[in-house]
Amino acid sequence: MRRLARDILLMAVATGASRLLGLGREAAIADRFGASAAYDAFLIAFFVPHFLRSLLAEGALSTAFVPIYTRLRVGALDAGGSDAVPREADAFASNLLSWLLLVFPAIAVVGVLLAPYYVPFLASGFSPEKLALATTLARLVFPFIALIGFAAVFMGILNAHHRFFPASIAPVWFNVGMLIGVLAVSEGFADRPIYGLGIGVLIGGLGQLVSQVPALRRLGFRFRFSLLPIHPEIAGFGRRIAPAVLALAVAQINLLVDNKIASHLPDGGISALQYAMRLFQLPLGVFAVSIATALLPRLSAARARGERGLFAAYLRDGFAASAFVLLPATIGLLVVGSDVIRLLFEHGSFDASDTVRTAGALSAYVAGLLPYGLVYVQTRACYALGRTGLPVVASVLAVGVNVGLDLALVGPLQEAGLALATAVAGAVNALVLFVLLRGAFRWDGLLGRRLGAIAVGVALLFGIVFGTHRLVDAASPAVGVAVPTLAGLLFYGLFARFTNLWELIVGFGRSTEGASGE
């Protein structure tokens, strides 16, 4: 279905714009703060709000919300209702938002009050001065969770209506806010410029929330405050979100353990992991999240209508599309990652030793690109099926692997060891989910041919990217990034054009036609 390909493309463009602006933000942060004690303190301070953002906002809340909202909307449409005003779905959304108006501010207050207790736990290796700075910053940024929580519900409504672009472009405003904090607000804090970055987080969260309101109004959605009576589907939402929160909480333990161990490394260890993670998340955010987000309402609708064949076909296409974009990204980051880091970050307070530490972590992280992309697709399939306990099982096993490898590898490999443990844990997560979902997956010949072609193309791509990089190795970082990247894109595009991969580009989801029902 061409509309699915179009939706993914629109989201990829919007998310790509946001991620590129995010790299600009990271470059500005690197120039201002480098891999420093102050930035380490900020990252620890922002960990819990970011953790809750993943759990209660853009993670569990959205994935639990969309299947229910979609089912109510599909029921209204199948009964002859209006697509513009699915009344029952909007009543559910309004009731949920009304309760969240009480819940999220309360969470923010608790987070501010408890900062002196959880910050020392997160960063047990920090000096007293560094801990005091992290605690103050945690109190400053914690209200962010309330802003981003409401933004996540807005995003879920838009995605359920297949209005993906406004929700995908909204994070641009978060990056704009942080850039304002780094470039402008921090100048007003001569002694502690890192406070400007904290204020930028709040500006960005507000921008991400407000930017989605016009698109919601165009849909015809109107919020109506209503605490009582509680909508019947709120109970179902609670049943869905509880295991989703648990699965994501277990997964976030990986990051918590990484930061806690890295706090015992020399200053800048947490910062190096953060800069590497930003580059690692670029292809995940642009492509993997776009694919999974576009699939979730479609998988949910197929499940609601009992179309098992269509569900399996969507899932297979998600696998193929993830491999098609993430394996080449893995090759690119492995070969030109060091030059990318030098080009983006090595200026101002970020020096050559910071580049070495960050590049080592990035090389280890990228081994997990495809596994984490597949986890995005498979967890959406679990939530659409209502089998929300499966991601919990997979995450628990992955965390066990991650913690064990963290302890084994941090000594010999430092930051790179922590990153490699994260990558292996992602592979374990993806493999466990694949086994648990095998009944819904249904391997077919088309998927086999696509994956075979991708494997051949990626092997040839590595030779071209590596060879061109060696040819320009003595040139500037900009040339070292641009020439191999352009050569790789040209080759891979031509390879896809003259193989069966071209259909994956121009007609993603077309294999689902005629696949519904059994």
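Where does Pro229 lie? Pro229 turns up in the loop between α10 (213-219) and α11 (233-262). In this predicted model, the peptide bond leading from Leu228 into Pro229 is cis, and its omega is near -5°. For context, most peptide bonds are trans, and most residues other than glycine have a negative phi.

Gln414 belongs to the loop between α16 (389-413) and α17. Is Gln414 buried, exposed or partly exposed? With a relative accessibility of 31%, Gln414 counts as partly exposed, because that class takes in whatever falls between under 20% for buried and over 50% for exposed.

Helix α17 also holds a residue worth a look, Asn429. The relative accessible area of Asn429 is 8%, so this residue is buried. Which residues does Asn429 touch, leaving aside those up to four places away in sequence? The list reads Val375, Ala394, Ser395 and Ala398.

Helix α17, covering residues 415-436, is where confidence is highest, at 92. At the other end sits helix α21 (residues 502-506), where confidence is lowest, with a mean of 69. Then there is the stretch over residues 510-518, where the pLDDT is below 50. Beyond near neighbours in sequence, that stretch still has 24 contacts in the model.

Note on methods:
Residues numbered from 1 in each chain as written. Predicted model: local features only at pLDDT ≥ 70, side-chain atom pairs only at ≥ 80, totals over all residues. Heavy atoms only, no water. pLDDT = per-residue confidence, 0-100. Helix = DSSP H or I, 4+ residues; strand = E, 2+ residues; numbered from the N terminus. Contact = heavy atoms within 4.5 Å. Buried < 20%, exposed > 50% of the residue type's maximum accessible area, 1.4 Å probe, protein only.
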